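Here is a short briefing to read alongside the model. Please have the viewer open as you go through the points.

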Amino acid sequence: MTRAVKLSVLRQHPTFRDLEPEALDQLCRYAKHTILQRGATLFAKDDPGNSLYAVISGTVKISVSSPDGRNAILNLVGPGELFGEMSVLDGQPRSADATANTNCEIFVIDRRDFLPFMRSQPTLAAKFIELLCTRLRWTSDQVEQVILHDLPGRLASALLGLVGKRKSAPESHTIPITQQEISEMVGMTRESINKQLRAWALRKWVRLEHGAIVVLDAVALRELAEAGTRGGVLIAAVPSRKEAAWQPDFGPAKKK
């Protein structure tokens with residue numbers, strides 16, 4: 001990537017675009033352009049936090065895993081977003097794993113360069129305060145979802161959140177995510193997620209595609225997310241008579 005292209009990308013990045021030209025030019029010298037293949041590990045939990053990352057294209061998965069092999073996806077970071085800032089700012093080890101969920105282009109900025117630079121740029125420091133506040137609000141929302149919401153509410157909120165992150169894209173209602181990944185985001189089994197998504201597909205709220213979920217009725221999902229639980233009943237999971245009569249065609253039954 002040439003210097004001119006790098007500057008152009010930084011000017012369009014939401015976190016850096018308000019910097020003065022001289023500051024952008026300095027940041028350009030610090031930012032190292034890196035291309036990653038899907039599945040590449042950027043860092044693991046407890047690694048030292050030596051770098052800040054800015055996503056140019058693709059998606060990076062932030063996740064944690066248990067000793068018995070269970071995974072939880074904490075965030076999917078896309079173009080225009082940053083990650084790794086917490087360890088860069090406080091000097092503590094990484095709190096999660098970061099993996100390229102797709103082929104990615106990123107900028108990598110070394111902590112030794114970034115901290116002095118941020119101290120000299122009050123506008124950028126304010127941006128990072130806003131970013132940390134956003135992270136804290138998001139974490140509070142996640143805790144609320146897990147403790148107070150049932151599966152439909154949690155799944156609806158997750159889908160709406162992913163749509164909101166892609167609002168600048170023309171295909172914004174198409175979410176490139178697998179059912180396994182969404183199950184790891186909301187903390188439910190893939191089978192439960194599949195059952196709920198199929199019920200919503202019958203109601204024309206979503207459409208299921210290979211490796212993607214298309215949101216067709218965001219209003220219905222928003223009402224469901226805001227309702228949370230109603231007496232412990234899985235609202236919107238109860239099919240109508242027409243839906244109950246529908247059975248997926250898995251081909252001819254095997255003879256016993």
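Helix α7 (residues 179–186) is mostly covered, with 7 of its 8 residues buried; buried means under 20% relative accessible area, exposed over 50%, and partly exposed in between, using a 1.4 Å probe and protein chains only. Helices (H or I, at least four residues) and strands (E, at least two) are DSSP runs numbered from the N terminus. This is a predicted model, in which local features need pLDDT of at least 70 and side-chain atom pairs count only at pLDDT 80 or more, while totals for chains, interfaces and linings use all residues. Residues are numbered from 1 along each chain as its sequence is written, and side-chain values use heavy atoms, with hydrogens and water left out.

**Around helix α7**
- The buried residues of α7 are Gln 179, Glu 181, Ile 182, Ser 183, Glu 184, Met 185 and Val 186.
- These buried residues pack against β5 (71–77), α5, α6 (151–165), α8 (190–202) and β10 (206–209).
- Just after α7 comes Gly 187, with a positive phi of about 80 degrees.

**Asn 101, a partner of Glu 181**
- You will find Asn 101 in the loop between β7 (97–100) and β8 (104–110).
- Asn 101 has a relative accessible area of 11%, so it counts as buried.
- Its side chain makes a polar contact of 3.3 Å with that of Glu 181; such a contact is a pair of N or O atoms within 3.5 Å, where within protein one must be able to donate a hydrogen and the other to accept it, and residues adjacent in sequence count only if both atoms are side-chain atoms.
- Leaving aside neighbours within four places in sequence, Asn 101 is in contact (heavy atoms within 4.5 Å) with Arg 38, Thr 59, Val 60, Lys 61, Leu 76 and Glu 181.

**Aromatic pairs**
- The structure holds 6 aromatic pairs; rings of Phe, Tyr and Trp (its six-membered ring) pair if their centres lie within 6.5 Å, and planes under 30 degrees apart count as stacked, over 60 as edge-to-face and the rest as tilted.
- Phe 114 and Phe 128 have ring centres 5.2 Å apart and planes at 55 degrees, so this pair is tilted.
- Because Phe 114 lies in helix α4 (residues 111–119) and Phe 128 in helix α5, the pair ties together parts 14 residues apart in sequence.
- Both Phe 114 and Phe 128 are buried.
- One aromatic cluster is formed by Phe 43, Tyr 53 and Phe 83.

**The chain as a whole**
- The protein chain has 10 helices and 11 strands.
- Of its 256 residues, 41% count as buried.
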